[in-house]
Amino acid sequence: MDGILYDDFQTTVSQLLTRHRSIVDLLSKYQESNARVNRAIAKSVTSCGCISINAQRQQIPDDATLEQLQQFMDSHIEGELCDNCRSIIEKELGNNLFYLVSLAETLDINIYDVILNEQKDLSTLGKFHLK
């Protein structure tokens, strides 16, 4: 039952893949969708101003343990997305997801299996699976 949503989404994506069946087209569309996600986030900062980015070196005490590391890591984001920016970013993330699943479908890879395998790796390695 868990995988039905993912499989349904992948089937729908497969049915809608008409213009961009070529792996080369899909790679470029996926890259473009990544750029659009980045641009939407940047516009939330520079045009709307609902969030701001205050990036600086992470301040981690020398004696911090691996277990404590997460509490010292900062996202560098201040504020919250307004409804309009959230909507735009969600739309762009959806497009990005469409092209990710399109790539998987074209390569005959089941996206649900990818998620399950990644979850298994994360669970198995736990805190040692730092990305």
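Tutor: Happy to! The protein's secondary structure amounts to 5 helices and 2 strands, where helices (H or I, at least four residues) and strands (E, at least two) are DSSP runs numbered from the N terminus. Read from the N terminus, the order of elements is α-α-β-α-β-α-α. Please keep in mind that this is a predicted model: local features need pLDDT of at least 70, side-chain atom pairs count only at pLDDT 80 or more, and totals for chains, interfaces and linings use all residues. Residues are numbered from 1 along each chain as its sequence is written, and side-chain values use heavy atoms, with hydrogens and water left out.

Now to the helix pair. Two packed helices are described by the angle between their axes and the distance between the axes. Helix H1 covers residues 4-16 and helix H4 residues 83-106; they pack at an angle of about 85 degrees, and their axes lie 9 Å apart. The axes are lines fitted to C-alpha atoms, for helices over the stretch in contact, with angles from 0 to 180 degrees between N-to-C directions. H1 is therefore roughly perpendicular to H4, a label for angles of 65 to 115 degrees.

On the H1 side, the residues that meet H4 are Phe9, Gln10, Val13, Ser14 and Leu16; they face Leu97, Phe98, Val101, Ser102, Ala104 and Glu105 in H4. Contact here means heavy atoms within 4.5 Å. By class, this H1 contact with H4 has 7 nonpolar, 3 polar and 1 charged residues. Nonpolar covers Ala, Val, Leu, Ile, Met, Phe, Trp, Tyr, Cys and Pro; Asp, Glu, Lys and Arg are charged, and the others, Gly among them, are polar.

Leaving aside neighbours within four places in sequence, Val13 touches Phe98, Val101 and Ser102. Val13 also belongs to the largest nonpolar core, whose 8 residues are Val13, Leu17, Leu26, Tyr99, Val101, Leu103, Ala104 and Ile111. Such a core is a set of buried Ala, Val, Leu, Ile, Met, Phe, Trp, Tyr and Cys residues joined through side-chain atoms within 4.5 Å. H4 supplies the largest share of this core, 4 residues.

Asp7 is also found in H1. Asp7 is partly exposed, with a relative accessible area of 31%; buried means under 20%, exposed over 50%, and partly exposed in between (1.4 Å probe, protein chains only). Beyond its neighbours within four places in sequence, Asp7 is in contact with Asn110 and Tyr112.

Notes. Angles under 35 degrees count as roughly parallel, over 145 as roughly antiparallel, 65 to 115 as roughly perpendicular and the rest as oblique.
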